[in-house]
Amino acid sequence: MKGQTVTATPTVPVIDIVDLKIEAKSNDQWSKIVNGVSLSIRPGEVLGLVGESGAGKSTLGLAALGYLRPGAKVTGGEVRLSGHNILAVPEEERRKFRGTKVAYVAQSAQAAFNPVHRLMDQIVMVAVDRGGMTRGTAEKRALDLFRALQLPDPQNFGRRYPHQVSGGQLQRAMVAMAMICNPTLIIFDEPTTALDVTTQVEVLISIRKVIEDYGVAAIYITHDLAVVAQVAHRVAVLRYGEVVEEAPIAQIMERPVHPYTKSLWAVHEMPVDHDAQHGGKGAPLLAIAGLGAHYGDFQVLTSIDLEVGRGETVALVGESGSGKSTLGRVIVGLKELSSGQVIYDGKPLQGTIRRRSLQTLKQIQIIYQSADTALNPRQTVRKIIGRPLTLYQGLRGARREARVQELLNLVELNETHIDRTPGQLSGGQKQRIAIARALAADPRLIVCDEITSALDKVVQAEVLRMLMKLQARLGVSYLFITHDIEVVRAIADRVAVMQNGRIVEQGGKDQVLAQPHADYTRKLLDSVPDMAVGWLDGIVAERAA
Amino acid sequence: MQQSLEVRSVAPNRLLRALKLVRSAPPTAKFGMVVVAIYAFVALFAPLLAPYGEVEVVSRVPFEPWSASHLLGTDQLGRDFLSRLIFGARNSISIALLTTAISFVIGCLLGVLAALVGGIVDQAISRLVDALMSVPDLIFTLMILSIFGSSVTNLILIIAVLTSTRFYRIARAAALNVASLDFVEHAKVRGESLLWIAVNEVFPNILPLILSELGMRFCFIFLNIAALSFLGVGIQPPTAEWGSMVRDNAALINMGDITPLIPAAAIAFLAIAVNFVVDWLLNRASGLSEEG
């Protein structure tokens, strides 16, 4: 059923958003969040809402519930639910159909469930309180939903507490909670974004199955085109609160029209350099042998062997909890190792920061995933980048200023940014500042811990391209920690795959990605959604076979 | 007092922002700021404003009633009451300010360091602070002052140490949140010293929270000093101080004269004004978001 255009029927649309305008107040100014969006969804249809962070997707999704975040107001347009404008009725009225006629599935199920109540109590609550069901019928329906969502042991699932089930199961439980009153419309707001790729597939399959089984209409909000291609019939691409392109899914995947839509493929289409093997010349810069590390009694890393050559990019791939970040922390000296050794530049590396010389600290830098927390919000760019210059090289005054300028140019920013604080910069700019700060130390190895995963696709591609350029120019080595196979494909020379604190496979990029040996690597690679309609159908068919 | 704190040694664009901020304040806060400004003005220019000297005996008659030459009459030794009131502002406010500043520095520094280091250091300081806080401030001060003698230095030190426990608590709690952020970790990886991290990375981020506590503590210190002076162990004569002025002239109340209540009212008025400003700052600090 994917890829078919749903033929126009005379039925009333489930929801009809007409020229909706929403403004929100930030920094004492009203800015347009949603700017004249018109959308309509027919019964049983799934509309994918794609866009980057700040595009207004979530605001639009919540508006479909007749809900506005505090500080936001509707300045024009209507949201017609089964023909009635719900923005015109008072809040009291709106609350009655929230959860019953229109339901919402949020990104973080952990935050949506109350940890002190059993799942079943929370799932049936709306149905009993407002949906007019008895507890018995509600529980029976919940049980059906658990089965449809392929939850394990559906009979007893409801008796568990939120912390007793996995992240993927909890996300499916939230879908059950949304479906309990048999709503006509469900808003999915990035329901799989916080999950690991292998879990994401399971949840995607469940969500799609339940949508099809119950014939409910849905708005599926995501930033990931590959995901939306698996579930939606139609896609609307949102940018700066406006719909820039709207078309059936197959059409948008094959022939995107708007340049912005095309740019969503940015990382996917980065030129892959198959031949050039960087580094590998001479002795490796970093050689780890038999490394182990513990948190208390828990062993997080077990017999790790890894080498990073000079001027080489090694990607460390794995899911959350696999220990890849911990390995990064051991290398920069934030975590003590319990066995094995780390040889840096031919000499064993001291365990923790306090025992390393300033000269050693300078050579190994780290860049974090979230530039928001990695940059002090109270410091200007001048101070952030200038501090390592003063600390390591004793630069002050005009010479320091000149070097800061140079570094800003190196990361493709300019002197207009020098007096700003992080709050006055965009996400991509902030990450560039963090990179400039690392470069200010004149390092030989940079540990990049998921540095592009919080960025939008276009910005991601720009930052990656810049990192490659810097490597060619400065000869710096990267240890690139990531969960994103697409990123690995774009920049890595070699790949190491981690699972449960061990490296299960490592080797040249082409070898690992094209002919994976370990089962886990294969599973990981198979779980990454393709940018193609019908990929999920293929997976389901393969499993059935 | 709050204004002068906010604009201390900052770039001009911050000064403008502070001005804009002041203009957007609610009427109560504006009223408070005006009152605080008047007190500060009187304290600064006391020698110019006061008609007579601080300890100058101007009349042979003690407790002279209000007249054209002595607007508020004279006190028990025949000194001009208005002049003493004006000099009293200078003494009381400057001593309270100094005490607040010392306790602020001690409390914040220890609090931030405890949060950064953690472990045994944190435990040791925190339990010591708990012990100090468990003794009622006023009684503790009275005890120490009666042992070591009542000098202004002793007074300032003992109150500063006791008040620093409050700053410690708040600074530590706020710093714990900041200390777990990546930029603090990055500073450690960079090889910065603990003191540098505390002052440059953590402190600027917890300042908005502590600022309101600063105003509140100033009020309490001010009242404490007045109360101690009223009890006779605070600031010693002949230095003019509002608390002791109330005590020394209290006999007048029996005769239906309200003059001794004027310094008491001056104390209360300043406390209320500072509280208005603090309330507003507290609201801002706990509000949705800080200016980016």
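**Reading a helix and its surroundings**

Guide: The model shown is a predicted one. Helix H16 of chain A, residues 397–410, has 14 residues, which at 1.5 Å a residue should span 20 Å; its end C-alpha atoms are 20 Å apart, so expectation and model agree.

Visitor: Which residues of H16(A) are buried?

Guide: The buried residues in H16(A) are Val404(A), Leu407(A) and Leu408(A). Viewed down the axis of H16(A), the buried residues fall within an arc of 100°, so they line one face of the helix. The general idea is that an α-helix has 3.6 residues a turn, so residues three or four places apart point the same way.

Visitor: What is exposed on the other side of H16(A), and what covers the buried residues?

Guide: On the other side, Ala398(A), Arg399(A), Ala402(A) and Asn409(A) are exposed. The cover over the buried residues of H16(A) includes helix H15 (381–393) and helix H17 (427–440) of chain A.

Visitor: How should backbone phi values be read?

Guide: Most residues other than glycine have a negative phi. Against that background, Glu412(A) has a positive phi near 65°. Glu412(A) lies in the loop between H16 and H17 of chain A, just after H16(A). With 16 other C-beta atoms within 10 Å, Glu412(A) is partly exposed.

Visitor: Where does Asp153(A) lie, and is Asp153(A) buried or exposed?

Guide: Asp153(A) sits in the loop between helix H5 (135–148) and helix H6 (154–157) of chain A. Asp153(A) is exposed, because 9 other C-beta atoms lie within 10 Å and the cut-off for exposed is 12 or fewer. Its phi, near 50°, is a positive value in a residue other than glycine.

Visitor: Let us turn to domains. How is chain A divided?

Guide: Chain A is divided into domain 1 (16–263) and domain 2 (311–336 + 351–514). The C-alpha centres of these two domains of chain A lie 35 Å apart. Between them, 6 residues of domain 1 are in contact with 5 residues of domain 2. On the domain 1 side, the touching residues comprise 1 nonpolar, 3 polar and 2 charged.

Visitor: How many residues of chain B are in contact with chain A?

Guide: The size of an interface is often given as the accessible area lost when the parts come together. Counted by contacts instead, 13 residues of chain B meet 21 residues of chain A. Helix H9 (182–190) and helix H10 (194–231) of chain B each supply at least two residues of the side of chain B that touches chain A. H9(B) gives the most, with 7 residues. By class, this side of chain B has 4 nonpolar, 4 polar and 5 charged residues.

Conventions
Residues numbered from 1 in each chain as written. Chains lettered and ligands numbered in written order. Predicted model: local features only at pLDDT ≥ 70, side-chain atom pairs only at ≥ 80, totals over all residues. Contact = placed C-beta atoms within 7 Å. Helix = DSSP H or I, 4+ residues; strand = E, 2+ residues; numbered from the N terminus. Nonpolar A, V, L, I, M, F, W, Y, C, P; charged D, E, K, R; others polar. Domains from an automatic or database assignment. Expected span 1.5 Å × (residues − 1). Buried ≥ 20, exposed ≤ 12 C-beta atoms within 10 Å, placed from the backbone. Arc of directions from axis to C-beta.
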